[in-house]
Amino acid sequence: MIRQSATVFRTLFPFSQLGRNVVSAAESFTLFVYGTLMRGGGRHPLLAGQRFLGEARTRSLYGLFDMGAYPGMVRRDADGQAVHGELYEVAVDLLPLLDKAEGAPTLYRLEPIEVEGWDGP
């Protein structure tokens, strides 16, 4: 099953169109992470206490770029690939800490993405 969800990801501004940030008005939202925020990654401790929902994979609509110390993901409809990652239920009040650690808004932004096989919110 393929589902458009309220899941969000971090992406680099220079490679994609600018859009508005998407965050649910609820107390938590679903976050798709890849790279350093995944279990075992150097920034994973930022997600301490957040609920791990499982491993996930995007539809083949994204590009992953080697940015040196971390990867960057952008939408690439024409020649995209599936990106493997993890889903978390994250408290909205954690967003300022994640934004600071990840270099928002210069290095990433939050956007809806398409995740395969996910029945969550």
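Q: Which residues of helix α1 are buried?
A: In this predicted model, local features need pLDDT of at least 70 and side-chain atom pairs count only at pLDDT 80 or more, while totals for chains, interfaces and linings use all residues. Residues are numbered from 1 along each chain as its sequence is written, and side-chain values use heavy atoms, with hydrogens and water left out. Buried means under 20% relative accessible area, exposed over 50%, and partly exposed in between (1.4 Å probe, protein chains only). Helices (H or I, at least four residues) and strands (E, at least two) are DSSP runs, numbered from the N terminus. In α1, residues 95-102, the buried positions are Leu-95, Leu-98 and Glu-102. These residues lie on the same side of α1 because they cover an arc of only 65° around the axis, the arc being that of the directions from the helix axis to the C-beta atoms.

Q: How many bridges pair β2 with β6, and in which sense?
A: Two strands pair if DSSP finds at least two bridges between them. Strands β2 and β6 are antiparallel, with six bridges; Leu-31 has Tyr-88 as its bridge partner in β6. Five of the six residues of β2 are buried. Strand β3 also runs antiparallel to β6, again over six bridges, and Arg-51 has Glu-89 as its partner in β6. Two bridges join β3 to β7 (residues 110-116), also antiparallel, with Val-115 in β7 as the partner of Thr-58.

Q: Is Glu-86 buried or exposed, and which side chains does its own side chain meet in polar contacts?
A: A polar contact is a pair of N or O atoms within 3.5 Å; within protein, one must be able to donate a hydrogen and the other to accept it, and residues adjacent in sequence count only if both atoms are side-chain atoms. Glu-86 lies in strand β6, residues 84-91, and counts as buried because its relative accessible area is 3%. Its side chain makes polar contacts with the side chains of Arg-39, at 2.9 Å, and Tyr-88, at 2.8 Å.

Q: How many salt bridges does a search of the whole structure find?
A: A salt bridge is a side-chain nitrogen of Lys or Arg within 4 Å of a carboxyl oxygen of Asp or Glu. The search of the whole structure finds 10. One of them joins Glu-86 and Arg-39 at 2.9 Å, N to O. This pair links distant parts of the chain, 47 residues apart: Glu-86 is in strand β6, and Arg-39 is in the loop between β2 and β3. Arg-39 is partly exposed, at 43% relative accessibility.

Q: Which residues are linked in a network of salt bridges?
A: The network links Arg-59, Arg-75, Asp-77 and Glu-114. Within it, Arg-59 and Glu-114 meet at 2.4 Å, N to O. Glu-114 is buried, at 11% relative accessible area, whereas Arg-59 is partly exposed at 27% and Arg-75 is partly exposed at 35%.
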